[in-house]
Amino acid sequence: MALTLYYYPPSFYSQRACFALEEKGVTYHRHVISIHSGEGMKPWYMRIQPNGTVPALKHGEIMKTDSKDIIQYLDEIAPDAPKFYPDANTPGGDRVAYLSDLMHKIRIDLITYGSACYRHHTHDCKMPKKMNLEMAKSMVDKKQAEIRKLADENPDLRELYLAKLKVQTGRDLTNEEAFIAMLKECDSIMSQIENELVQKWKGKLDNFTVSDPWLCCNHFTAADIYLATLLHRLHYAGQVKRFWGDSKRPYLAAYYARVQERKSFQTACGSANNALSSIVLPKWKHRMRKAFPSLVGFSMVATTVGFAVYIRYKGFPSWWPNSLKIKS
């Protein structure tokens with residue numbers, strides 16, 4: 001049975017799922033859901049993903065709707081590959097679950113929006129400059145209004161939309177105090193991970209080989225997927241200097257440089273933070289798909305009218321069949 005990943009390239013959790021699929025080396029189909037165009041809230045998607053979020057992994061009749069569940073599920077369907085979640089009794093296995101859960105506490109959505117809205121707390125933020133506090137609030141308001149509208153238009157999905165609306169109103173993504181508090185919590189977690197790497201790598205910061213360990217084990221685990229995508233998002237949000245720049249945490253810096261050379265990371269995350277390829281193009285493609293029927297209809301009408309005008313003044317072209325010519 002084919003695997004289909006419903007995802008959005010800039011989505012932090014989509015990057016985790018895509019990264020995991022690439023690591024396992026399983027064959028899968030990609031279906032981009034243009035979140036910025038509201039595709040994630042469309043009735044057809046809500047019917048297969050009741051949360052209306054990405055990522056979602058479909059495997060036959062099975063649907064996994066959370067990045068952590070997807071990563072765990074891949075261990076089940078690809079048992080011969082190194083496990084993302086090794087047995088707790090194996091070397092490093094207990095640390096995988098602990099560190100993954102620790103990083104899961106970081107509200108990356110709050111850090112992402114906060115970094116865009118309050119840029120004086122960032123250094124070299126990579127997000128589009130037009131993404132600011134005013135735009136963020138406008139996006140939140142429009143999204144909530146759209147959810148209410150869809151709830152009214154789709155009675156069979158009303159409860160799902162209202163549940164989604166409740167989640168949206170409770171996120172408070174533009175609160176500066178909450179953003180600063182999350183940065184402090186993230187800083188504490190980064191210190192723990194730095195210490196973990198110090199113990200694991202024992203002074204080695206470059207010239208890594210395939211036999212060198214990663215965060216917890218000698219092979220790539222869920223904890224590595226969590227850390228790699230976390231560092232990549234913090235880089236995008238302009239938080240490098242705060243967390244590992246200027247030799248503040250040299251092991252984290254070395255880890256991020258090392259993981260960027262990994263082919264699976266390049267495929268899943270390499271261009272995911274590029275506004276043109278990951279945001280503008282999917283949004284444009286979605287709008288083109290939506291407008292396609294109208295464009296086809298307009299083109300046919302325009303062609304017919306143009307041909308009629310040509311015949312009126314020039315007559316039928318020489319190649320036109322006599323049987324189809326209209327006699328006056």
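Good morning, colleagues. The structure is a predicted model, and I shall begin with the confidence of that prediction. The average pLDDT of the protein is 89, and 84% of the residues score at least 70. One stretch calls for caution: over residues 276-282 the pLDDT is below 50. In the model, that stretch has 18 contacts beyond near neighbours in sequence.

I turn now to the overall architecture. The protein contains 13 helices and 4 strands. Of its 328 residues, 43% are buried. If we take the contacts between residues at least 6 apart in sequence, 68% of them join residues at least 24 apart. The exposed surface comes to about 17700 Å², with carbon and sulfur atoms supplying 56% of that area.

How many cavities of 30 Å³ or more does the count give? The count comes to 1. The largest cavity has a volume of about 40 Å³. Its lining is formed by F12, Y13, R16, M103, H104, I106, I108 and L230. Two elements, α1 (12-24) and α4 (93-104), each give two or more residues to this lining. Helix α1 gives the most, with 3 residues. In terms of residue class, the lining holds 6 nonpolar residues, 1 polar residue and 1 charged residue.

One of the lining residues, I108, leads us to helix α5, which spans residues 108-117. Is this helix mostly covered or mostly uncovered? It is mostly covered, as 10 of its 10 residues are buried. The buried set includes the charged-class residue D109, together with I108, L110, I111 and Y113, among others. Against which helices do the buried residues of α5 pack? Their partners are α1, α6 (133-153), α8 (176-201) and α9 (222-236).

Finally, I draw your attention to S264, which lies in helix α12, residues 263-269. Why is S264 classed as buried? Its relative accessible area is 8%, and buried means under 20%, so S264 falls within that class. Leaving aside residues up to four places away in sequence, S264 touches F19, E22 and E23.

Thank you for your attention.

How values were computed. Residues are numbered from 1 along each chain as its sequence is written. This is a predicted model: local features need pLDDT of at least 70, side-chain atom pairs count only at pLDDT 80 or more; totals for chains, interfaces and linings use all residues. Side-chain values use heavy atoms; hydrogens and water are left out. Buried means under 20% relative accessible area, exposed over 50%, partly exposed in between (1.4 Å probe, protein chains only). Contact means heavy atoms within 4.5 Å. Accessible areas come from the Shrake-Rupley method with a 1.4 Å probe; for residues, only the protein chains shown count as cover. pLDDT is the predictor's confidence in each residue, from 0 to 100. On a 1 Å grid over the protein atoms alone, a cavity is a set of points where a 1.4 Å probe fits but cannot get out, and a pocket is an open set with protein on both sides within 12 Å along at least five of seven lines; lining residues have an atom within 4 Å of a point. Grid points are joined across faces, edges and corners, and a volume is the space filled by probe spheres set on the points.
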